[in-house]
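Have the sequence and the structure open side by side as you go.

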Amino acid sequence: MELSTPGLEAREKAIRTLSDVLDRKRPLDEAFERSVARSTLEPRDRAFVRLIATTTLRRLGEIDAALAERIERPLPKDAGRVRQILRITAAQLLYLETPPHAAVDNAVALTRAEERHTRLAGLVNAVSRRLARDAQQLRERTGTAAINTPDWLWRRWSAHYGEVIAGRIAAAHLLEPALDLSVKSDPAGWAERLGGEVLATGGVRVTSGGRVETLPGFEEGAWWVQDAAATLPVKLLGDVSGIEVADLCAAPGGKT
């Protein structure tokens, strides 16, 4: 399906990314790259795709609850794409400050882009308008810490840390994480150049979004991405020459 308007194309890529993650269980980074790999989207639009997808996933519990309150009958079984359209529309209206007319119009256009879903355009329009009308009320809801967390995980956190700490963990997961960099030299200089701050570990923390490979210093290898916490064991353990050390924290990433 070809969509000529950049805003529509970006939203279409966000829908594909979400479908890959939620329906096909692919990791977000892989799903995102598959969605935009052959597109001609500008960097700004690619960043918008990722912003929509990550916001939707972080707030999925709240979004699905808001949609369920505004959809009187279950969507047809073949309307998985329409569900993703409604989800990204909710993310834009509730959390990304997208102008309501733009979010609603794009939602309807995306629904009509596939002939088999045209019949649901009226439903998408109505639900999107209700979300726009109730956006402020939905944003101000309290007690939503657990709703964006899988039940099994919330139970485990609550059992180990108590509900107060579990709520703080859940709230932290709603924030865009900072990007920590280990620099070869001149942390202060790189912090200034990248608009970040020097950490006590000697690294640099960057809070701006965007693709890592577009940041100054990436191509020449002046720094590498490394969470500040990952540098602490080296500083705490000191010289480990001759000692066998087992790293038990190798997630899908560089160490693996």
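Tryptophan 223 counts as buried, because its relative accessibility is 4% and the cut-off for buried is under 20%. Keep in mind that this is a predicted model.

**Aromatic rings**
- Searching the whole structure turns up one aromatic pair.
- Phenylalanine 218 is partly exposed, at 35% relative accessibility, whereas tryptophan 223 is buried at 4%.

**A charge over a ring**
- Phenylalanine 32 has arginine 50 lying over its face, 5.2 Å from the ring centre.

**Around leucine 179**
- You'll find leucine 179 in strand β1, which covers residues 179–183.
- Leaving out residues up to four places away in sequence, leucine 179 touches Val204, Arg205, Val206, Val212, Leu215 and Val225.
- Leucine 57 is 122 residues from leucine 179 along the chain, and their C-alpha atoms are 19 Å apart.

**Nonpolar surface patch**
- Leu232, Leu236, Leu237, Val240, Ile243 and Val245 make a nonpolar surface patch of about 590 Å².
- One of these, valine 240, is in the segment after α11 (228–237).
- Is valine 240 buried, partly exposed or exposed? With a relative accessible area of 34%, valine 240 is partly exposed, because that class lies between under 20% for buried and over 50% for exposed.

How values were computed
Residues are numbered from 1 along each chain as its sequence is written. This is a predicted model: local features need pLDDT of at least 70, side-chain atom pairs count only at pLDDT 80 or more; totals for chains, interfaces and linings use all residues. Side-chain values use heavy atoms; hydrogens and water are left out. Patches are made of residues with over 30% relative accessible area and no salt bridge: like charges are joined within 9 Å, nonpolar side chains (Val, Leu, Ile, Met, Phe, Trp, Tyr) within 5 Å. Accessible areas come from the Shrake-Rupley method with a 1.4 Å probe; for residues, only the protein chains shown count as cover. A salt bridge is a side-chain nitrogen of Lys or Arg within 4 Å of a carboxyl oxygen of Asp or Glu. Helices (H or I, at least four residues) and strands (E, at least two) are DSSP runs, numbered from the N terminus. Buried means under 20% relative accessible area, exposed over 50%, partly exposed in between (1.4 Å probe, protein chains only). Contact means heavy atoms within 4.5 Å. Rings of Phe, Tyr and Trp (its six-membered ring) pair if their centres lie within 6.5 Å; planes under 30 degrees apart count as stacked, over 60 as edge-to-face and the rest as tilted. A charge sits over a ring if NZ of Lys or CZ of Arg is within 6 Å of the ring centre and within 35 degrees of the ring normal.
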